Amino acid sequence: MTAQPAAQPRSTRGLPTRRLRRGLMGLGIIAVLLIGVLGHGLRQATGEFQQEGERHRLASSLLMHTEFELRHFGNTLHSAALLEDATAWAALPAHLQGLRSRVMEMGQVEMGVDSPGLAGLQRALPPLLATLAEIEAGLAPGAAPMPRLHPLLAALEAPIREALTQLQAQEHERARDATISLANQLLLFALGFMVLVAASAALAALLVAAWRQTRFALGHARAAEAEARAAHHTLHRLVDSVPALIITFDTDLRCIYANRPAQEFFGLYDDALIGKGVAASGLPPELEDELRAVRDNGRAAPMVERRRVDRFGQTRDILATTVPIFDNDGRLRQILRTGIDVTERRRAEERVRHLAEHDALTDLPNRLRFKAELEARLVVRPRPGVALHVIDLDGFRSVNDNHGQAVGDALLLAMARRLAGLLRPQDMLARLGGDEFAVLQVIQADADAMALAARITQALAQPYALGRTQIRCSASLGLATLMEGEATAEGMLARADLALATARRQGIGQFRAFRPEMEGEALERRQLQAELGEALAAGSLHLAYQPKFSLRDGRMEGVEALLRWSHPLRGPISPAEFVPMAEEAGLAMPLARFVLHQAAAQILAWQAMGLELPVAVNLSGELIGMDEALRMVETLLRETAIPPRLLEIEVTESTFIGDSEAARAMLLGLRALGIRVALDDFGTGFSSLSYLQQLPIDVLKIDRCFVAGLEAGGASARIVDTVVRLAHGLGARVVAEGVENHAQLEALRKLGCDSVQGFLLGRPQPAADIPALMHTAPAKPGASRESAAISA
């Protein structure tokens, strides 16, 4: 950037230019010369005037003395004639001689100026001398008488008096002319003096202004010098504060400057750098070759990234360049070497790249990185093969909803640690997103993949102690293997996802390997899910009711509402098939709302018939622990006004594996509404007495798998006996499911079971057939075979 000329200070604006100053000085010199000339002329005129005046005074004095002598002679002559004084008469010759001398002196006067009177007097000297001679002759003894002398005296006096008069007049005229001339010269002198004074004043003003300007310029120069020093100091501080290594070299490749960061980086300071070459100063040796190349070709070197070791021995990445610096004449003056420490930037870039390819929570590879690794392994066709495990947590959403994201994150971290502990160095673990993980395993046979899948599901099913919170959260796993042939990453992920979906349909904590027929099954399931949504919207689903009987008196004490779907083409579809599909399709809440409203409407219909018949409704495990589900039940009770005691909510044991605290809170909320809670399929999952004693359970239902084994006795009988004792100890009633023969019924009666249900006693049936069972007493004639069996 070129420097701009400094603006002229305001205090110097308006000062005379150099030409004006020269003009004023010339005018002053002319005025001084004029005054000198006028002074010289005035002095010369004054001298001449004084000389002329002396001559005039001398001439006037002579004329006056001559006239005085003439009058004195006349008076003496007159006194001598009248008084006849002999003494006076005797003195007349002497007086006449003095008069003659005066007349002769006037003839000798030199006139420097034109004097008509004296000139005329000098021309009249001969007649005057002749007249004096006559007077002298008249004074001689025997001369003429006295009267004759008086005309001579008058003739003698007339020219003298005329000359004196003219001389006096001339004297006055010369005095006037001299005065006027002197006045004119004095005026010119005064004018010149005024010009001189004015020029002197102007010059003085110019000198003052120049002095002030010089003083200001001096101050400005001092300020500029101080400012330059401050700017130099600021520039040095600025260069020292720049986060860059800056070193300048002269054309002999000697260091002439290094900023503070450069000195601190290399641990070399001014005494070790300034005036020394690269080798002598301890700078990197290859720097000299780069400097020499720039000096020789006169072109800047391209930016290069170098590895440098700082004074602490740490390796740093330096982005450096070398630039030649030329003066105004194009001569090379210096070589500038700059470097920027980009180590942190490189680390940040690596961190950004790492974050782009890794999960922020677990620091595991993310889906992008995992997919790239899978594609890379598929390209090289690993031998003998690879296995892809896709893992999804069961009930993780309820953990986040009820305990917060922090607990959910802690659970994911704990799962990641467990998974990592199961893998070998050549295997890869990744988090694909949310609660979904993936494992890439190197296998020798398909059995290796199945073994790892089993270990994973077993390990993840164990409880998690997260601070004061203990959570059970199993995982479902889908597996796809590749032993031979070709495959794509997308294809293997799709196969593993299909296997995962199949595993989830089989229940919690399950794993399945991909089979080719799964693709057709998946297509069929998607079609069936769409049709299920349409059937639910159209009200094509309906409820069937399976009765429950008391073993104490054989009477029907309630029913279980079971959802049924009659497909127009496929016919009846089992709830075990379409309910999981509904949950996968996000229809769990609409389906539950439909079932509850249908059951509530039937309760009201039976109440209108005078029947108080409790109805049990199964609630999806996905809804347990959700506030929205509890609010749905509250709204149902408020809108339908059914007695809460006539509604029973059945939940499965697997509900509490994901989040027992949230499930317990919801069950307490149901009981606070007056609704009974039943635990269904007890013993088929991961049963735990520790959480069972904390749950608000009113009814405990024994699964049909245990009832089926009662005929043979043994373990099933001991399990049922334990469950009955446990439930009664907790204050809950026991209901056995799947009773299909009299032996099972008798065994349950002996074990103390409270109620039973099954095909032996009553199949699921329409609501219209239920009242007939209510009004049939077991002791009355004509009672049904099932009722008679119970009462027996």
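Reply: The largest nonpolar core has 81 residues. Those with the most contacts inside this core are L541, Y545, W606, V615, L748 and V756. The model is a predicted one. Among the elements, helix α18, which runs over residues 588–608, gives the most to this core, with eleven residues.

Leaving aside neighbours within four places in sequence, L541 is in contact with L532, A535, L536, L563, R564, W565, L591 and F594.

The protein has 792 residues, and buried residues make up 41% of them. There are 27 helices and 21 strands. Among contacts between residues at least 6 apart in sequence, 65% join residues at least 24 apart. The accessible surface comes to about 41,600 Å², and 56% of this area belongs to carbon and sulfur atoms.

Next comes the empty space inside. Rolling a probe the size of a water molecule over the atoms shows where empty space is left. A search of the whole structure finds three cavities of 30 Å³ or more. The largest cavity has a volume of about 130 Å³. The residues that line the largest cavity are L245, I247, F266, L283, P284, L287, R308, I318, A320, R337, T338 and G339. Two or more lining residues come from each of β1 (245–249), β4 (315–326) and β5 (332–341). Strand β5 gives the most, with three residues. By class, the lining has eight nonpolar, two polar and two charged residues.

Most residues other than glycine have a negative phi, and most peptide bonds are trans. L253 lies in the loop between β1 and β2 (255–258). Its phi is near 65 degrees, a positive value in a residue other than glycine. L253 counts as buried because its relative accessibility is 5%, and buried means under 20%.

D363 also has a positive phi, near 60 degrees, and is a residue other than glycine. D363 is found in the loop between α10 (343–357) and α11 (367–379). With a relative accessible area of 42%, D363 is partly exposed.

L498 lies in helix α15, residues 489–506. Not counting residues up to four places away in sequence, L498 touches F514, M518, E519 and A522. The C-alpha atoms of L498 and E521 are separated by 9.2 Å, and the two residues are 23 residues apart along the chain.

A91 lies in helix α2, residues 86–108. A91 is partly exposed, with a relative accessible area of 28%. A91 and T76 are 15 residues apart in sequence, and the distance from C-alpha to C-alpha is 8.1 Å.

Key:
Residues are numbered from 1 along each chain as its sequence is written. This is a predicted model: local features need pLDDT of at least 70, side-chain atom pairs count only at pLDDT 80 or more; totals for chains, interfaces and linings use all residues. Side-chain values use heavy atoms; hydrogens and water are left out. Helices (H or I, at least four residues) and strands (E, at least two) are DSSP runs, numbered from the N terminus. Buried means under 20% relative accessible area, exposed over 50%, partly exposed in between (1.4 Å probe, protein chains only). Contact means heavy atoms within 4.5 Å. Accessible areas come from the Shrake-Rupley method with a 1.4 Å probe; for residues, only the protein chains shown count as cover. On a 1 Å grid over the protein atoms alone, a cavity is a set of points where a 1.4 Å probe fits but cannot get out, and a pocket is an open set with protein on both sides within 12 Å along at least five of seven lines; lining residues have an atom within 4 Å of a point. Grid points are joined across faces, edges and corners, and a volume is the space filled by probe spheres set on the points. Ala, Val, Leu, Ile, Met, Phe, Trp, Tyr, Cys and Pro count as nonpolar, Asp, Glu, Lys and Arg as charged, and the others, Gly among them, as polar. A nonpolar core is a set of buried Ala, Val, Leu, Ile, Met, Phe, Trp, Tyr and Cys residues joined through side-chain atoms within 4.5 Å.
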